[in-house]
Amino acid sequence: LFVGVWTARYLGPAGYGMLNYAVAFVSLFGALATLGLDQIVVRELVHAPQDEGKLVGTSFFLKLIGGFVVLFLSTIVAMILHHGDVRTILMIFFVSLGMVAQAFLAIDFFFQSKILSKYTVIAQNIAFFAVSIIKVILILTGQAVEWFAGMSLIEALVAGVFLVFFYNRKGGHISNWKFDSDVAKKLLRDSWPLILSSVAIMIYMRIDQVMIRNMLGEKEVGWYSAAVSLSEVWYFIPGIITASVFPTILEAKKIGEKLYYLRLNQLLVVLFFISLLTVLFVNILSKNIVYFLFGKHYDKAIEIWNIYIWAAIFVFQGVARSYWVVSENLQVYTNLYVVAGMLVNIVGNFLLIKKIGYLGAAYSTLFSQGMVTLVIPLLIKKMQRFTFLIWKLPLSLFCILTSFLKGRYFEK
């Protein structure tokens, strides 16, 4: 947070906007580098640990090829869209180089399969802190924004070096890696739905910044990116709460459906109440927080944040729904409402940014999140029961607060 805010203040809205635009632009192609392999390869390593050399090696080469595809596509598309704008093209090129180096994350599949993910965390944290120190040096020496774009490559390389080190310490050897075309075909055959889902999610998450840059300018992207980063700071809360209580909710399911959905309703009420408090807190103190962290040059981020933060109400419910979807084995339907939400967001951005500028992107995000949470799942029969719980939240919260005030909450 400290280094990120310092970077934003140093670069100013225009420079910060340029950097975030490059990251968002490359992210649109990013799923082609990850290839949705994570869960698939881990599953195969658990079932067939003797094939580690083929599985990890094939994954590494697939991710490496995917990284070069992202590098090629993002650079070519950038050259078409920004013909003559050498600075923007270079920024996108530097950021996309990091996607190539991320091939070393294939080693993480080995650690996950052995329940040794702490080594991946250590490697990534070392890389993260190293890059943070380099960013501070860049700020103190007054370097240009292009240097910051290259940090994604440095971070991926440092993480890769330490992943290889820990991999060797735990008995793995890169010399045993080999590419197997049959294994590659099987992995891609299993992972292609996840690739499509990841593409839709990344477009859904990053298209705002890309469209604002191409329809308005870099300063506007800087203001918008500051507001988005401040909003997403809160998104760890529903993850922690849901991960903590969901095992208990699953135990309730063994007792009966009624208790199961009662527990789900209680979780949703808690998340709704916390998200509502978060929204009110932000709307009251947004000006003071933005001025304190980013400075007055980012004053336009205040009104964007006051709108964008309302999407947290839907995001909090969405986190709980993702756990419910897995418990009910309904993952196949996730792609439907994610793609629908992506299309709604793109159309909304196109119409609203033209009319009301960068605020239009915030309203579009809020509207699309609401559609994905409250409306689109109602069109899928197996998603309706959970969605009805979300629709009833204001009434549930009112009833609980009324009962609590009357002193009969626990009795009820």
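This is a predicted model: local features need pLDDT of at least 70, side-chain atom pairs count only at pLDDT 80 or more; totals for chains, interfaces and linings use all residues.
The second largest pocket is lined by 39 residues, and those nearest its centre are S197, I201, S322, T334 and V338. A pocket here is an open set of points on a 1 Å grid over the protein atoms alone, where a 1.4 Å probe fits and protein lies on both sides within 12 Å along at least five of seven lines; lining residues have an atom within 4 Å of a point. The volume of this second largest pocket is about 1,400 Å³, taken as the space filled by probe spheres set on the points, with grid points joined across faces, edges and corners. By type, the lining divides into 20 nonpolar, 13 polar and six charged residues (Ala, Val, Leu, Ile, Met, Phe, Trp, Tyr, Cys and Pro count as nonpolar, Asp, Glu, Lys and Arg as charged, and the others, Gly among them, as polar).

Residues are numbered from 1 along each chain as its sequence is written, and side-chain values use heavy atoms, leaving out hydrogens and water.

The largest pocket has a volume of about 1,600 Å³. Among its 49 lining residues, V23, F128, K135, E155 and R206 are the closest to the centre. Here α1 gives the most, with 12 residues, and the lining comprises 30 nonpolar, 15 polar and four charged residues.

Turning to the fold, the chain holds 19 helices and zero strands (DSSP runs numbered from the N terminus: helices are H or I, at least four residues; strands are E, at least two). The largest nonpolar core has 93 residues, of which L264, Y298 and W324 touch the most other members. Such a core is a set of buried Ala, Val, Leu, Ile, Met, Phe, Trp, Tyr and Cys residues joined through side-chain atoms within 4.5 Å, where buried means under 20% relative accessible area with a 1.4 Å probe, protein chains only. Helix α13 (residues 257–293) supplies 13 residues to this core, the most of any. Beyond its neighbours within four places in sequence, Y298 is in contact (heavy atoms within 4.5 Å) with residues including A8, Y16, W223 and V290. A second, separate core of 27 residues includes L35, L37, F110 and Y167.

Across the chain, 49% of the 412 residues count as buried.

Notes. Buried means under 20% relative accessible area, exposed over 50%, partly exposed in between (1.4 Å probe, protein chains only).
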